[in-house]
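Visitor: I'd like to learn how to read a protein model, feature by feature. Could you walk me through this one?

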Amino acid sequence: MIKLAIFASGSGSNAENIALHFKDSSEIEVSIIISNKKDAYVLERAQKLNIPAYTYNKKEFDESDQIIALLKEKKIDFIILAGFLLKISPKLINAYPNRIINIHPALLPKFGGKGMYGDFVHKAVVEAKESESGITIHYVNENYDEGAIIFQSKCEITGQDTFSDVANKVHKLEYEHFPKIIAEILKKYSEKFGD
Ligand code: GRF
């Protein structure tokens with residue numbers, strides 16, 4: 001069984017979609033959900049899904065020792081960032097090299113970097129009069145949104161689209177592709193390393 005930890009800071013609709021996708025899998029399990037916000041809606045979703053959830057503050061994320069200890073104790077193989085807003089510490093990246101995956105709600109390298117998250121991204125895309133946006137799934141390294149790109153998918157933007165129309169289109173792509181791409185990555189990983 002490959003075990004996943006999902007990190008999320010907000011609503012957690014992607015976290016829930018991923019958990020439901022693997023609910024009956026005998027190969028992949030969402031074992032824990034971790035947040036940096038005590039009142040994040042993702043924690044309620046975790047409870048409904050019966051997935052143990054944990055919250056750590058920014059200092060604890062920066063130091064990472066407690067979090068790494070938990071991940072090891074739970075035998076977590078991969079970390080999935082689904083709307084997680086804090087920077088991942090070098091210690092955590094070293095503990096999980098090429099095993100931390102993020103989704104960004106735009107076509108990187110455009111519209112990435114510090115402060116570019118959620119609706120800020122979609123507003124910037126509309127202001128720039130882009131004719132397309134989409135999702136980028138990528139490995140996580142020390143810099144925001146700069147790790148190797150694994151997958152992208154695009155949607156069209158019309159002149160009439162508001163930022164929330166763009167957000168809806170992007171969310172649709174996230175729900176459709178993120179669980180499948182995670183499954184593909186993990187399949188390759190288990191072919192290589194066995195399980
Ligand atoms: C998603 O658009 C994700 O791409 C971005 O943050 C948003 C999180 O939404 N990084 P949710 O919490 O999964 O509903």
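Guide: We will go from the sheet to its strands, then to the ligand and a few single residues. This is a predicted model, where local features need pLDDT of at least 70 and side-chain atom pairs count only at pLDDT 80 or more, while totals for chains, interfaces and linings use all residues. Residues are numbered from 1 along each chain as its sequence is written, and side-chain values use heavy atoms, with hydrogens and water left out.

Visitor: How do I read the sheet, and in what order do the strands come?

Guide: Helices (H or I, at least four residues) and strands (E, at least two) are DSSP runs, numbered from the N terminus. Two strands pair if DSSP finds at least two bridges between them. Here seven strands form an open sheet with mixed pairing, in the order 3-2-1-4-5-6-7. Strand 3 (53–55) and strand 7 (149–156) are the edge strands, each pairing on one side only. From one strand to the next, the twist averages 20°.

Visitor: Which strands does helix 4 lie across?

Guide: For such angles, axes are lines fitted to C-alpha atoms, for helices over the stretch in contact (heavy atoms within 4.5 Å). The angles run from 0 to 180 degrees between N-to-C directions. Helix 4 (residues 65–73) lies across strand 1 (2–7), strand 2 (28–35), strand 3 and strand 4 (78–81), and runs at about 160° to strand 2.

Visitor: In what sense does strand 5 pair with strand 4, and in what sense with strand 6?

Guide: Strand 4 and strand 5 pair in the parallel sense over three bridges, with Ile 80 opposite Ile 101 of strand 5. On strand 5 (residues 100–104) and strand 6 (residues 132–139), four bridges make an antiparallel pairing. Ile 101 has Tyr 139 as its bridge partner in strand 6. Strand 6 in turn runs antiparallel to strand 7, joined by seven bridges, and Ile 135 has Ser 153 of strand 7 as a bridge partner.

Visitor: Which way do the side chains of strand 5 point?

Guide: In a regular strand the side chains alternate between the two faces of the sheet. Ile 100, Asn 102 and His 104 point one way from strand 5, Ile 101 and Ile 103 the other way, and all are buried. Buried means under 20% relative accessible area, exposed over 50%, and partly exposed in between (1.4 Å probe, protein chains only). Strand 5 is thus mostly covered, with five of its five residues buried. Strand 6 is largely enclosed by the rest of the structure, because six of its eight residues are buried.

Visitor: What does His 104 contact?

Guide: His 104 counts as buried because its relative accessible area is 2%. Leaving aside neighbours within four places in sequence, its contacts include Phe 111, Met 116, Val 121, Thr 136 and Asp 145. A polar contact is a pair of N or O atoms within 3.5 Å; within protein, one must be able to donate a hydrogen and the other to accept it, and residues adjacent in sequence count only if both atoms are side-chain atoms. A polar side-chain atom of His 104 lies 2.6 Å from the backbone oxygen of Phe 111.

Visitor: Which residues are around the ligand?

Guide: A residue is listed if one of its heavy atoms lies within 4 Å of the molecule. Those around the ligand are Ser 11, Gly 12, Ser 13, Asn 14, Gly 83, Ile 103, Pro 105, His 171 and Glu 174. An oxygen atom of the ligand lies 2.7 Å from a backbone N or O atom of Gly 12. A polar backbone atom of Asn 14 is 2.8 Å from an oxygen atom of the ligand, and a polar backbone atom of Ile 103 is 3.3 Å from a ligand nitrogen atom. The protein covers 86% of the 370 Å² of accessible area that the ligand has on its own (Shrake-Rupley method, 1.4 Å probe; for residues, only the protein chains shown count as cover).

Visitor: What should I look for in the backbone of the loops?

Guide: Look at omega and phi. The peptide bond from Leu 108 to Pro 109 is cis, with omega near 10°, and Pro 109 sits in the loop between strand 5 and helix 6 (118–127). Asn 98 is not a glycine, yet has a positive phi of about 55°.

Visitor: Is Asn 98 buried or exposed?

Guide: Asn 98 counts as exposed, because its relative accessibility is 55%. Its place is in the loop between helix 5 (90–95) and strand 5. Lys 129, in the loop between helix 6 and strand 6, also has a positive phi, near 55°, and is exposed with a relative accessible area of 73%.
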